[in-house]
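New notebook page. I want to look up a few strands and pockets here and jot down what turns up.

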Amino acid sequence: MNNINVYPGRPYPLGSTWDGKGVNFAIFADHATAVELCFFNKESDRKEVVKLSLIERTHHVWHGYVPGIQPGQLYGYRIYGPFKPEEGCRFNPNKLLIDPYAKAISGVIDWHDALFGYELGSPEMDLGFSEEDSAPFIPKAVVIDPSFNWEEELPLDIPYHQSIIYETHVKGFTMVHPDIPQEIRGTYSGLAHEVTLNYLKSLGITAIELMPVHQFVNDRHLVEKGLSNYWGYNTIGFFAPDIRYSSGNERGSQVNEFKEMVKAMHKAGIEVILDVVYNHTAEGNHLGPTLSFKGVDNASYYRLTEDRRYYMDYTGTGNTLNANLPNVLRLFMDSLRYWIIEMHVDGFRFDLAPALARELHDVNKLSAFFDIIHQDPVISQVKLIAEPWDVGEGGYQVGNFPPEWAEWNGKYRDCIRDYWRGADSMLGEFAQRFTGSPDLYQGDYRSPMASINFITAHDGFTLHDLVTYNYKHNHANGEDNMDGENHNCSYNYGIEGETEDTGINEIRRRQKRNLLTTLFLSQGVPMLVAGDEFGRTQQGNNNAYCQDNEISWLDWINADTELFTFTQALIALRKRHPIFCRRRWFQGVPIKGIGLEDIAWFLPEGIEMEEHNWNEDFAKSLAIYLNGNDLRSTDAQGRKISDENFYIMFNAHDGFIDYQLPKERYGKEWIKVLDTSISTVSETYSRHFTSETVRVEGRSIVLLKQLH
């Protein structure tokens with residue numbers, strides 16, 4: 001690599017861009033005084049083989065074009081400027097930096113004191129300047145060839161009301177799957193394998209929501225304990241698919257492997273949603289390492305306190321990216337557009353989304369972040385899902401996001417858990433959650449589809465553990481069981497953990513069916529966590545963020561096939577009947593020409609509920625009439641959507657209740673479709689007439705369909 005020339009190049013696009021003849025390099029560094037581009041021949045190089053000064057600077061972007069450079073080239077930056085942490089400046093050219101716009105990263109961090117911008121152990125702490133070179137210990141950015149044959153693949157654009165989201169982890173899903181070739185287990189190729197696709201199609205889900213796939217960092221304290229950041233909420237590369245999930249050995253091959261996975265999912269009719277972490281980076285607080293943003297231009301990326309040595313922390317990770325700054329907003333938008341346009345993903349779930357909306361200290365749903373997304377012709381057209389809370393004051397923002405957003409509905413989770421475990425809870429709240437949470441979302445022209453309903457998620461108990469443990473059992477995390485949520489709304493039904501007691505196990509099986517049935521019959525968008533459909537356990541660990549092992553990986557050998565079949569039938573039932581996935585709110589008023597309400601609520605005696613019934617916390621039983629004659633919406637061809645009528649009986653008591661069916665005007669004859677006291681879903685069950693009572697066993701749901 002001798003006699004390399006640097007031409008002026010262009011300030012846009014940021015990052016490295018190969019044009020077939022050479023590469024344009026561009027990096028934003030507002031307060032920098034000099035920028036050096038460093039090339040490496042191989043990952044093991046302890047020092048750059050070429051160092052080039054970028055002397056062109058346009059609008060705070062340093063840039064240069066280097067002819068002859070090819071895809072696969074390893075590079076990094078050394079950036080000069082003041083080292084004045086007390087003023088928010090942490091420049092240190094001894095630290096090789098990862099390009100914030102790197103499309104691929106060559107490896108993972110090899111933890112060493114040299115990765116810190118200050119001398120560890122110095123009495124000055126982070127104010128002491130480190131002269132040790134970090135290049136041997138930090139992975140390099142990789143120049144990529146962006147070309148890929150998508151074979152005329154087009155976005156699926158599945159509407160929310162037809163969506164069933166499946167949250168999973170790239171590695172954990174296939175890591176011990178016996179039918180996946182061993183060499184691709186735990187990788188993007190493993191997810192794209194025919195066995196995986198056939199399973200997902202047979203289950204009936206329409207979208208996978210992947211836990212973070214952006215390149216992330218394993219925290220040093222976890223590595224030193226022999227653990228790792230399995231979940232991946234510790235991003236360092238917002239454009240780079242993580243190399244650990246790649247089965248290939250060629251530099252940058254993770255990019256095309258990810259694209260192949262997306263293409264395979266789309267061919268199978270399954271969308272790909274990414275869990276993204278734009279609220280913070282892996283560089284931690286003032287005592288954290290200098291890996292990229294902190295050394296590129298600390299004050300231009302992070303939210304700093306009044307004492308600019310320190311960081312605002314709305315995320316619990318030590319820092320918060322400053323979404324109020326134009327260059328940070330550009331980073332976010334460029335990253336989102338890249339994943340949509342180049343990687344063909346179908347949407348995003350935003351981790352700790354309120355942190356992105358904070359202007360100074362307050363959460364402002366009309367912040368620049370949301371304004372820009374709303375007007376962007378690319379980003380605004382994909383699925384946008386918020387985790388609507390962060391750890392800062394006023395951070396719980398369920399129901400407060402703009403109209404084009406859906407939200408993880410934490411209130412749904414807690415209410416449905418409480419109802420089935422027998423906690424004191426009002427039927428009024430249960431009714432709100434079951435009908436799409438209109439108290440949260442009906443304003444601002446939002447629909448029931450704004451509510452992403454879930455019983456469990458990656459953080460917390462699995463469905464099986466939710467009915468098996470009263471308390472968390474996180475000892476394997478090495479934090480003396482102090483980590484993780486203490487308020488789990490769980491119940492073990494008499495014995496903590498696994499048991500051979502047949503009575504307790506039958507209750508637990510029934511409660512899993514109850515929770516799943518409630519989820520898939522509720523209005524809104526259901527989200528199922530991978531493995532809940534077959535009884536996956538984490539052995540009571542409700543915070544398995546650092547468990548890259550059998551605690552977190554899906555155990556296919558011991559799958560509960562009976563529960564899988566039940567879940568599969570539930571999903572099929574929901575997809576057959578649009579009454580369970582309405583696009584518009586219930587009105588509670590008679591339908592024109594029918595004379596019956598679109599929804600009605602009944603006591604077990606068959607009489608309609610009155611106002612006082614909603615506020616009785618001891619009431620655990622109710623029935624719901626759903627009128628399918630007019631769902632107040634049309635299909636894609638403009639045809640009126642209608643469905644059959646249903647009657648749902650909920651009994652959260654431990655003993656059976658005989659339900660009187662409602663008056664004849666609601667239906668003369670009914671057929672039982674589902675009974676959670678047994679584990680099958682069928683439309684060939686026994687018939688029932690208006691004058692009859694229907695026995696609903698303790699802790700059970702019975703679903704009836706009207707016969708015409």
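This is a predicted model: local features need pLDDT of at least 70, side-chain atom pairs count only at pLDDT 80 or more; totals for chains, interfaces and linings use all residues.

How many bridges join strand β21 to β22, and do they run parallel or antiparallel? I found 3 bridges between β21 (residues 451-454) and β22, and the two run parallel.

Next I looked for the residue across from Pro526 in β22, and it's Asn453.

Then I checked β11 (residues 165-168). This strand also pairs with β22, in the parallel sense over 3 bridges. Here Tyr166 stands opposite Leu528 of β22.

How buried is β22 itself? I counted 5 of the 5 residues in 525-529 as buried, so the strand is largely enclosed by the rest of the structure. I also checked which way they point: Val525, Met527 and Val529 go one way, Pro526 and Leu528 the other.

I get 48 lining residues, with Trp231, Thr315, Gly316, Thr317 and Asn543 closest to the centre. Sorted by class, the lining has 17 nonpolar, 18 polar and 13 charged residues. Which helix gives the most to this lining? It's α9, with 3 residues. Both α4 (220-224) and α9 (410-421) supply at least two.

Last entry: the second largest pocket holds about 570 Å³ of space. Its lining has 26 residues, and Asp157, Ser380, Gln381, Val382 and Lys383 lie nearest the centre. I sorted this lining too and got 14 nonpolar, 5 polar and 7 charged.

Note on methods: Residues are numbered from 1 along each chain as its sequence is written. Side-chain values use heavy atoms; hydrogens and water are left out. On a 1 Å grid over the protein atoms alone, a cavity is a set of points where a 1.4 Å probe fits but cannot get out, and a pocket is an open set with protein on both sides within 12 Å along at least five of seven lines; lining residues have an atom within 4 Å of a point. Helices (H or I, at least four residues) and strands (E, at least two) are DSSP runs, numbered from the N terminus. Ala, Val, Leu, Ile, Met, Phe, Trp, Tyr, Cys and Pro count as nonpolar, Asp, Glu, Lys and Arg as charged, and the others, Gly among them, as polar. Grid points are joined across faces, edges and corners, and a volume is the space filled by probe spheres set on the points. Buried means under 20% relative accessible area, exposed over 50%, partly exposed in between (1.4 Å probe, protein chains only). Two strands pair if DSSP finds at least two bridges between them.
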